[in-house]
Amino acid sequence: MTTGCCGGNGETLIFTCAGAAYAGQVANRSAVQLMEHGAGNLFCTAALAAGIDQKLDRARQAARRVAIDGCEDHCTRKVLEKAQLTVDVHVVLTDLGIEKKPARPRMIDDARKVVESVKAKLDAAPPAGTCRGGR
Ligand code: SF4
């Protein structure tokens, strides 16, 4: 788990659309890989859409929220914003050149591309209040 030293619970939460389209399925696989790599904790996007209080409370306390969307419909980002939650890192697979319904799917390579993109954006967006050296 990613942690910061100040404010919230220091947690980075990863939300993904997990849509039925190929791009949505790659988004979900990428999110699982990011959790396995220690980039953050995978969280239930559908629970936010359903308004589950306990899930909303934990999502509010997160230091950073990552939204991974399969396509330009941005379903994950919209679910978070409807719940009044800011998105710190947003990655859209079709923006990375991954087709929503490709003729020749390449799940492993495409998921790797998403993982690298999210990691680079997380490195560029440390949690608010993170101490950088010094005391
Ligand atoms: S963002 Fe695109 S792929 Fe994901 S659930 Fe929405 S329509 Fe489906």
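**Fold, sheet and ligand shell of the predicted chain**

Ala-18 is buried, since 20 other C-beta atoms lie within 10 Å of its own, where buried denotes 20 or more other C-beta atoms within 10 Å, exposed denotes 12 or fewer and partly exposed the range in between, with C-beta atoms placed from the backbone. The structure described here is a predicted model, in which local features need a pLDDT of at least 70 and side-chain atom pairs count only at pLDDT 80 or more, whereas totals for chains, interfaces and linings use all residues. Residues are numbered from 1 along each chain as its sequence is written.

The secondary structure of the chain comprises five helices and four strands, these being DSSP runs numbered from the N terminus, with helices (H or I) of at least four residues and strands (E) of at least two. Read from the N terminus, the elements follow the order β-α-β-α-α-β-α-β-α. Of the 135 residues in the chain, 36% are buried. Among contacts with a separation of 6 or more, 69% are made by residues 24 or more positions apart, a contact being a pair of residues whose C-beta atoms, placed from the backbone, lie within 7 Å.

The four strands form an open sheet in the order E2-E1-E3-E4, with parallel pairing. Strands E2 and E4 stand at the edges with a single partner strand each, so that one side of each is left without a neighbour in the sheet. Two strands are taken to pair if DSSP finds at least two bridges between them. Strand E1 is joined in parallel to E3 by five bridges, with Thr-16 standing opposite Ile-68 of E3, and E1 also pairs with strand E2 (residues 41-42) in the parallel sense over two bridges, where Asn-41 is the bridge partner of Leu-13. On the other flank of the order, E3 and E4 are paired in the parallel sense over four bridges, and Ile-68 stands opposite Val-91 in E4.

Within this sheet, five of the five residues of E1 are buried, so the strand is largely enclosed by the rest of the structure. Thr-12, Ile-14 and Thr-16 point one way from E1, while Leu-13 and Phe-15 point the other way, and all are buried.

Asp-110, Ala-111, Val-114, Val-115, Val-118 and Leu-122 are buried in H5. These residues cover an arc of only 140 degrees around the axis, which puts them on the same side of H5, where the arc is that of the directions from the helix axis to the C-beta atoms. The buried residues of H5 pack against strand E1 (12-16), helix H1 (22-36), strand E3 (64-69) and strand E4 (89-92), whereas the face turned away from the buried side carries the exposed residues Asp-109, Glu-116, Ala-120, Asp-123 and Ala-124.

In helix H4 (75-82), the residues Cys-75, Thr-76, Val-79 and Leu-80 are buried. They cover an arc of only 135 degrees around the axis, which puts them on the same side of H4. The cover over the buried residues of H4 includes E1, helix H2 (45-49) and E3. H4 is followed by Gln-84, with a positive phi near 65 degrees; Gln-84 lies in the loop between H4 and E4 and is exposed, with 9 other C-beta atoms within 10 Å.

In the segment after H5 lies Pro-127, which is buried, with 20 other C-beta atoms within 10 Å. Pro-127 and Gly-10 are 117 residues apart in sequence, yet their C-alpha atoms are 7.3 Å apart in space.

The residues around the ligand are Cys-17, Gly-19, Ala-21, Ala-23, Gly-24, Asp-69, Gly-70, Cys-71, Asp-73, His-74 and Cys-75, a residue being near a molecule if its C-beta atom, placed from the backbone, lies within 6 Å of it. This shell divides into five nonpolar, four polar and two charged residues, where Ala, Val, Leu, Ile, Met, Phe, Trp, Tyr, Cys and Pro count as nonpolar, Asp, Glu, Lys and Arg as charged, and the others, Gly among them, as polar.

Technical notes:
Two residues are in contact if their C-beta atoms, placed from the backbone, lie within 7 Å.
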